[in-house]
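The exercises below are to be worked with the sequence and the 3D structure in view. Each task is followed by a solution in steps.

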Amino acid sequence: MYNELISDRVLAFLRAVWELIGTSSLAGREDAMVAQAIKFISITAKTGIHKALFADEGTLRGLAQRIIVPSMPLREHEVEQFENDPLEYIRRDLSLSTEGGGSRRHTASELIRSLFSIGLDAPVARIIELYISIALQEYSANPSENWKSKDTAIYLLTAIVTQASTSHHGVTTTNALIDIVKFFSENIAQDLDIERPDVHPILQVDAIRFIYTFRYQLTKEQLASVLPLLVHHLGSSNYVCYTYAAITIERILFMKSGKTPMFNYTDIQPLTDIILNALFVRIVDGDTPEKVAENEYLMKCVMRVIISAGSSLANAYSKTLSRLAEILGIVIENPSNPNFNLYTFESISALLR
């Protein structure tokens with residue numbers, strides 16, 4: 001009933017919202033307004049009632065040029081948060097990727113998925129791929145200055161590839177028109193090299209996050225080949241890099257093939273001690289009980305490694321238990337992070353089994 005009342009005005013509404021987005025600034029205070037405006041367009045598209053309007057080539061190009069692509073680049077306040085408040089950056093990034101929210105990037109990605117849901121995946125992907133190519137060319141022309149262009153390209157690619165995802169499994173359904181393994185090999189894999197000082201830390205995080213996001217689209221052999229690279233990133237000096245590496249290692253070890261773990265103790269045995277030592281060094285590096293316990297992602301990775309290693313940890317049992325007892329002794333002085341404490345006790349429990 002309501003659609004019949006407003007159907008004649010939808011075009012005018014869309015034009016007004018379109019212009020509102022186009023005249024908005026990049027200031028963080030306008031994010032909520034822009035996000036709601038993009039959501040309005042997404043919901044309108046997803047109904048399918050006005051498919052003919054959205055299927056028009058001019059409309060799709062306009063959506064890409066004026067709404068989707070401008071919403072993807074990192075803003076300055078996001079870069080500052082990456083540098084000055086890394087843990088909050090990680091938590092926000094993870095929550096937005098699984099729950100949605102007020103981020104322009106994520107609402108623009110939802111708009112793409114809405115267009116896909118009404119059968120426009122081929123024309124939308126074709127248009128966005130042109131912008132990805134342009135962004136990668138800008139990066140290649142001057143990598144040190146134009147690193148944000150590559151970051152934008154990776155987010156655009158992720159948006160047109162992802163069709164369904166969950167917090168436990170990452171992306172579960174992908175756009176068959178896009179070869180993500182080829183894109184990874186040609187544009188992302190080299191950024192996993194921790195020895196490359198010319199790669200911006202955010203691009204290294206992008207590379208790690210790409211594996212985290214698309215882990216179920218990679219084979220066991222491909223994941224096994226990147227695990228040592230992720231382990232190296234546990235030694236990174238960048239907080240977000242080593243934390244995202246721990247998050248991704250934990251999720252890879254959590255993966256199952258049928259009802260059994262994809263990676264068993266024999267698969268990870270050569271890396272077990274290296275991973276645990278790197279994580280323990282990071283955890284106890286805090287100078288107060290609160291700092292030691294602030295990063296639950298590191299302790300969650302410890303827990304997962306111990307569970308996956310099983311009886312192969314027998315020779316390192318005493319040393320591992322001592323490190324956990326040391327950490328527990330520090331954090332009980334002023335318990336501040338229930339999740340960290342939970343993973344600590346789970347780690348001890350898994351070790352004693």
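**Exercise 1**

Which residue's side chain meets that of Arg196 in a salt bridge? Find the residue, then place Arg196 in the chain and describe the exposure of both partners.

Solution. The model is a predicted one.
- Step 1. The partner is Asp198, and the N to O distance between the two side chains is 3.0 Å. A salt bridge requires these atoms to lie within 4 Å, so the pair qualifies.
- Step 2. Arg196 belongs to the loop between α11 (180–188) and α12.
- Step 3. Arg196 has a relative accessible area of 25%, so it is partly exposed. Asp198, with 46% relative accessibility, also counts as partly exposed.
- Step 4. Arg196 and Ala176 are 20 residues apart along the chain, and their C-alpha atoms are separated by 32 Å.

**Exercise 2**

Determine how far apart Arg61 and Glu57 are in their helix, and describe the contact of their side chains.

Solution. 
- Step 1. Both residues are in helix α5 (residues 57–68). They are four residues apart there, which means a separation of about one helical turn.
- Step 2. The relative accessible area is 38% for Arg61 and 30% for Glu57. Arg61 is therefore partly exposed, and Glu57 is partly exposed too.

**Exercise 3**

How far apart are the closest N and O atoms of Lys291 and Glu294?

Solution. 
- Step 1. The closest N and O atoms are 3.3 Å apart, and the two residues form a salt bridge.
- Step 2. Lys291 is partly exposed at 42% relative accessibility. Glu294 is partly exposed as well, with a relative accessible area of 21%. Buried would need a value under 20%.
- Step 3. A search of the whole structure gives 19 salt bridges.
- Step 4. Salt bridges also link Asp31, Arg75, Glu78 and Arg104 in a network.

**Exercise 4**

How many cavities of 30 Å³ or more does a search of the whole structure find?

Solution. 
- Step 1. The search finds four such cavities.
- Step 2. The largest cavity holds about 130 Å³ of space.
- Step 3. Eleven residues line the largest cavity, and Leu74, Glu78, Tyr89, Arg92 and Asp93 are the ones nearest its centre.
- Step 4. Two or more lining residues come from each of α6 (76–84), α7 (86–99) and α8 (104–117). The largest share, four residues, belongs to α7.
- Step 5. Sorted by class, the lining consists of four nonpolar, three polar and four charged residues.
- Step 6. Glu78, one of the residues nearest the centre of the largest cavity, is also part of the salt-bridge network with Asp31, Arg75 and Arg104.

**Exercise 5**

Classify the aromatic pairs Phe82 with Tyr89 and Tyr212 with Tyr244.

Solution. 
- Step 1. A pair of aromatic rings is described by the distance of the centres and the angle of the planes. The count for this structure is six aromatic pairs.
- Step 2. Phe82 and Tyr89 are 5.1 Å apart centre to centre, with 90 degrees between the planes, and the pair is edge-to-face. Phe82 and Tyr89 are both buried.
- Step 3. For Tyr212 and Tyr244 the centres are 6.3 Å apart and the planes stand at 75 degrees, so this pair is edge-to-face.
- Step 4. Tyr212 is in helix α12 (residues 201–213) and Tyr244 in helix α14 (residues 239–254), 32 residues apart, and the pair links distant parts of the chain. Both Tyr212 and Tyr244 are buried.
- Step 5. A further group, Phe183, Phe184, Phe210 and Phe214, makes up one aromatic cluster.

**Exercise 6**

Which residue lies over the face of Tyr212, and which ring has the charged end of Lys256 over it?

Solution. 
- Step 1. Arg215 lies over the face of Tyr212, 4.8 Å from the ring centre.
- Step 2. The charged end of Lys256 is over the ring of Phe254, at 4.7 Å from its centre.

**Exercise 7**

Is Glu145 buried or exposed? Locate Glu145, and give its separation from His200.

Solution. 
- Step 1. Glu145 lies in the loop between α9 (121–141) and α10 (147–161).
- Step 2. Its relative accessibility is 59%, so Glu145 counts as exposed.
- Step 3. Glu145 and His200 are 55 residues apart along the chain, and 9.8 Å separates their C-alpha atoms.

How values were computed. Residues numbered from 1 in each chain as written. Predicted model: local features only at pLDDT ≥ 70, side-chain atom pairs only at ≥ 80, totals over all residues. Heavy atoms only, no water. 1 Å grid on protein atoms, 1.4 Å probe; cavity = no way out; pocket = protein on both sides within 12 Å on 5 of 7 lines; lining within 4 Å. Points joined across faces, edges and corners; volume = space filled by probe spheres on them. Nonpolar A, V, L, I, M, F, W, Y, C, P; charged D, E, K, R; others polar. Buried < 20%, exposed > 50% of the residue type's maximum accessible area, 1.4 Å probe, protein only. Phe/Tyr/Trp six-rings, centres within 6.5 Å; stacked < 30°, edge-to-face > 60°. Lys NZ or Arg CZ within 6 Å of the ring centre and 35° of its normal.
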